[in-house]
Each structure stands twice: as structure tokens, then as C-alpha cells.
Amino acid sequence: MEKITLNVQGMSCGHCVKTIEGSVGELKGVSKVKVNLEDSKVDVEYNASEVSLNTIKETIDDQGYDVE
């Protein structure tokens, strides 16, 4: 299991948290997603053999947030 913390800009409210946690959490291979609004960070635990980091980043980007 891989663990990564992504810097995500544009999150400001509970809706943002639900959107990101919901969309990333639905990806096959993602076991845990936790958004920290104060720090603009998203912690993700995933199985790299099932989902790529690039796919996770694209999923967040597709929701309208900037991933660094």
C-alpha cells in the first residue's frame, strides 16, 4: 500500500471535502482518502498495482481543484 500527501488548492468548505473524498474514494485501489482543509492537503492510501498516482491527481483535477 502506498501513502501520499497531495497539495490541493481551491478547497474551501465541507462540500469540497465530500467531493474529493467521494470521487477519489470510488477509484478502484484507493483504500483511504482524508482531506485537511486548513493545510490544503489530501492524504491518500492506495494500491499502486490497481490505480496510478496520475489517475488520482487527474480525478481531483477533474473536480476543479489544482493539484501540486
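**Helix packing, sheet and core**

The crossing of α1 and α2 is right-handed; by definition, a crossing is right-handed if the near helix is turned clockwise from the far one by less than a right angle, and left-handed if anticlockwise. The model is a predicted one, in which local features need pLDDT of at least 70 and side-chain atom pairs count only at pLDDT 80 or more, while totals for chains, interfaces and linings use all residues. Residues are numbered from 1 along each chain as its sequence is written, and side-chain values use heavy atoms, with hydrogens and water left out.

**The two helices**

- The axes of α1 and α2 come within 9 Å and cross at roughly 140° (axes are lines fitted to C-alpha atoms, for helices over the stretch in contact, and angles run from 0 to 180 degrees between N-to-C directions).
- Ile-20, Ser-23 and Val-24 of α1 meet Ile-56, Thr-59 and Ile-60 of α2, where contact means heavy atoms within 4.5 Å.
- By class, this contact of α1 with α2 comprises four nonpolar, two polar and no charged residues (Ala, Val, Leu, Ile, Met, Phe, Trp, Tyr, Cys and Pro count as nonpolar, Asp, Glu, Lys and Arg as charged, and the others, Gly among them, as polar).
- Helices (H or I, at least four residues) and strands (E, at least two) are DSSP runs, numbered from the N terminus.

**The sheet**

- An open sheet is formed by four strands in the order β2-β3-β1-β4, with antiparallel pairing; two strands pair if DSSP finds at least two bridges between them.
- Because β2 (30-36) and β4 (66-67) stand at the edges with a single partner strand each, one side of each has no neighbour in the sheet.
- Helix α1 (residues 14-25) packs on the sheet and touches β1 (2-9), β2 and β3, its direction making about 165° with that of β2.
- Helix α2 lies across β1, β2, β3 and β4 and runs at about 30° to β1.
- Strands β2 and β3 (residues 41-46) run antiparallel and are joined by six bridges, with Val-30 opposite Tyr-46 in β3.

**The β2-β3 hairpin**

- The hairpin of β2 and β3 has four residues between the strands, and within this hairpin Ser-40 takes a positive phi near 55°.
- Most residues other than glycine have a negative phi.
- Ser-40 is buried, with a relative accessible area of 18% (buried means under 20% relative accessible area, exposed over 50%, partly exposed in between, with a 1.4 Å probe and protein chains only).

**The nonpolar core**

- The largest nonpolar core has 18 residues, and those with the most contacts inside it are Ile-20, Val-24, Val-30 and Ile-56; such a core is a set of buried Ala, Val, Leu, Ile, Met, Phe, Trp, Tyr and Cys residues joined through side-chain atoms within 4.5 Å.
- Two or more residues of this core come from each of β1, α1, β2, β3 and α2, and α1 gives the most, with four residues.
- Apart from neighbours within four places in sequence, Val-24 is in contact with Val-30, Val-33, Val-44, Ile-56, Thr-59 and Ile-60.

- Thr-59 is found in helix α2 (residues 53-62) and is buried, at a relative accessible area of 14%.
- With neighbours within four places in sequence set aside, Thr-59 is in contact with Ser-23, Val-24 and Leu-27.
- Thr-55 also belongs to helix α2, and counts as partly exposed at 30% relative accessibility.
- Thr-55 and Leu-27 are 28 residues apart in sequence and 8.8 Å apart in space, C-alpha to C-alpha.
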